[in-house]
Amino acid sequence: MIDQVTTAALAGTYIDVLALDSLRFALPGRVFTPGDDGYEEARAGFGVSDLPTPDVVVVVTSSGDVTAAVNFARSQQLPVGVKATGHNFGFPYRGGLMINTERMQGFSIDLERHIARVEAGVHWGPVVAAAHQYGLAPLNGSAPHVGIVGYTLFGGFGWLLRKYGAAVDSVVAADVVTADGVLHRVSETSEPELFWALRGASGNFGIVTALEFKLHPVSEIYGGAMFFPMERAREVLTTYSEWVKTVPDELTSSIVMFRVPPVPDVPEMLRGKAVMTIRAAYIGAEADGVALLQPIRSLGGLIADTFRMMPYSESHLISNDPVKGAPSRRSTTMLKHLSAEMIDALVRANGIDSTTAVKLVEIRHLGGAMTRVDPSASAFSQRYAPFIVQTIDAVAGPELAAAAERNTQALVAALQPHSTGGALASWLGNGDYGAERTRAGFSPEHYERLTLLKRRYDPTNMFRLNHNIPPAK
Ligand SMILES: Cc1cc2nc3c(=O)[nH]c(=O)nc-3n(C[C@H](O)[C@H](O)[C@H](O)COP(=O)(O)OP(=O)(O)OC[C@H]3O[C@@H](n4cnc5c(N)ncnc54)[C@H](O)[C@@H]3O)c2cc1C
């Protein structure tokens, strides 16, 4: 009967009006379809390129709401995606149902067990601040407004990585609603297979409503950034590549090539300049931190040096990531090494004389604790690359977009001989995504096991509006 169905605006699917009405009745003011007041706000996020255009957005406040949304999606055969903050937008999806968790902001800290429990929508900022009061720290990343669940379950590389591992390795339990609408509590001892899959394959297996993870005894760090002129890229990169071979696990760092935009909110000494930046966090005393950074500082000719002892709650100031996204073209490559050949390729492609440079290249030093975890412990598979590189270029307008595409492809090709071939799913997006790239995130054995588990937990691939792992046939 035509008056009982509506054509979903964007996907050409049909949604039963009565079913939609009863969902709206059950979750008043929290179900949005295109054209509704609140739809635009509910689907938006940090990422602004390729914004998803779901048929229905459900803003959930509890695991009961998540179950209702999943049951509705199943009854209407709608694919499902989940958004906490939208930091991983950047691959388009049209139609389907988006579960928006941004109102699930509860969290608690168990001071005896040093475990935090967070609801699905919680960002790092408040948890870092709360844990800091007790001399504890989670394994958060560079930006306080990134969502904990999305960051953690795909891996999660932060400033404490080399000492305490990837965030995913600190997860002890999760509550998750699977495609059949059932809420599971998963851990090493409760549904261990689902727990294994979630830690690495994230939203492919369900909607996590709460996550529990270990906190670590870090109160202060010696952290900051040193800035050098881009003209010295080769020298700074070469020194960095030798230096990282000598540093202890207490020190995690990155090196950045950055064309700083000429905008007023950037300090004048950096505004509009092309710079090399070395960022680092050291867990230990100031004198030891100063001694460790000496080979870098003694390069001399610094434009700026922001290193200082800082409370861990200020660790986000090391990178000063933007709070709002901008249209961009990204790429990510796991690197085998920072060899002389690789540095040469990078400087030729992106150094001061390059006419095809991208705006930002960040190479993070990995290794340490992450490599000492049993690789079969979870689905997460990117343990052994010693470095990960991310590139970002601006795409405001068609001309810039075309140039960004060309330049990014050239840079990725230059780095290719030095790549492990792996990828980190949470860094995919904005022109660098797709089935092959997701697959590259996992070892062949893990990928095969994931497809078999996907067939068990989500045989129709309901959770596919993501970096998708399809069920085995
Ligand atoms: C400015 C910036 C800084 C960053 N810094 C770092 C960093 O230092 N280290 C690092 O490793 N990464 C970093 N990232 C990458 C970031 O970890 C990923 O983009 C991550 O996926 C963001 O998670 P989110 O929930 O905020 O984003 P969203 O876009 O809301 O979600 C991303 C994905 O996470 C999964 N997900 C989210 N919530 C749930 C849920 N409740 N249940 C199941 N799955 C869920 C889904 O697959 C979803 O598609 C950064 C990204 C940005 C933009």
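Predicted model: local features only at pLDDT ≥ 70, side-chain atom pairs only at ≥ 80, totals over all residues.
**Ligand shell**

The ligand is surrounded by 34 residues, of which Asn-88, Gly-141, Gly-147, Gly-150 and Gly-203 are the closest. Two or more residues of this shell come from each of strand E5 (80-83), helix H5 (148-153) and strand E11 (207-214). By class, the shell comprises 18 polar, 14 nonpolar and 2 charged residues.

E3 and strand E4 (residues 56-59) run antiparallel and are joined by 2 bridges; Phe-32 has Val-57 of E4 as its bridge partner.

**Helices H10 and H11**

Two packed helices are described by the distance and the angle between their axes. The axes of helix H10 (residues 340-350) and helix H11 (residues 398-415) come within 9 Å and cross at roughly 165°. An angle over 145 degrees counts as roughly antiparallel, and H10 and H11 are therefore roughly antiparallel to each other. The crossing of H10 past H11 is right-handed. The residues that make the contact are listed by helix below.

| Helix | Residues in the contact |
|---|---|
| H10 | Ala-345, Leu-346, Ala-349, Asn-350 |
| H11 | Ala-410, Leu-411, Ala-414, Leu-415 |

This contact of H10 with H11 has 7 nonpolar residues, 1 polar residue and no charged residues.

Technical notes: Residues numbered from 1 in each chain as written. Near = placed C-beta within 6 Å. Helix = DSSP H or I, 4+ residues; strand = E, 2+ residues; numbered from the N terminus. Nonpolar A, V, L, I, M, F, W, Y, C, P; charged D, E, K, R; others polar. Pairing = 2+ DSSP bridges. Axes fitted to C-alpha atoms, helices over the stretch in contact; angles between N-to-C directions. Parallel < 35°, antiparallel > 145°, perpendicular 65-115°, else oblique. Left-handed = near helix turned anticlockwise from the far one by under 90°. Contact = placed C-beta atoms within 7 Å.
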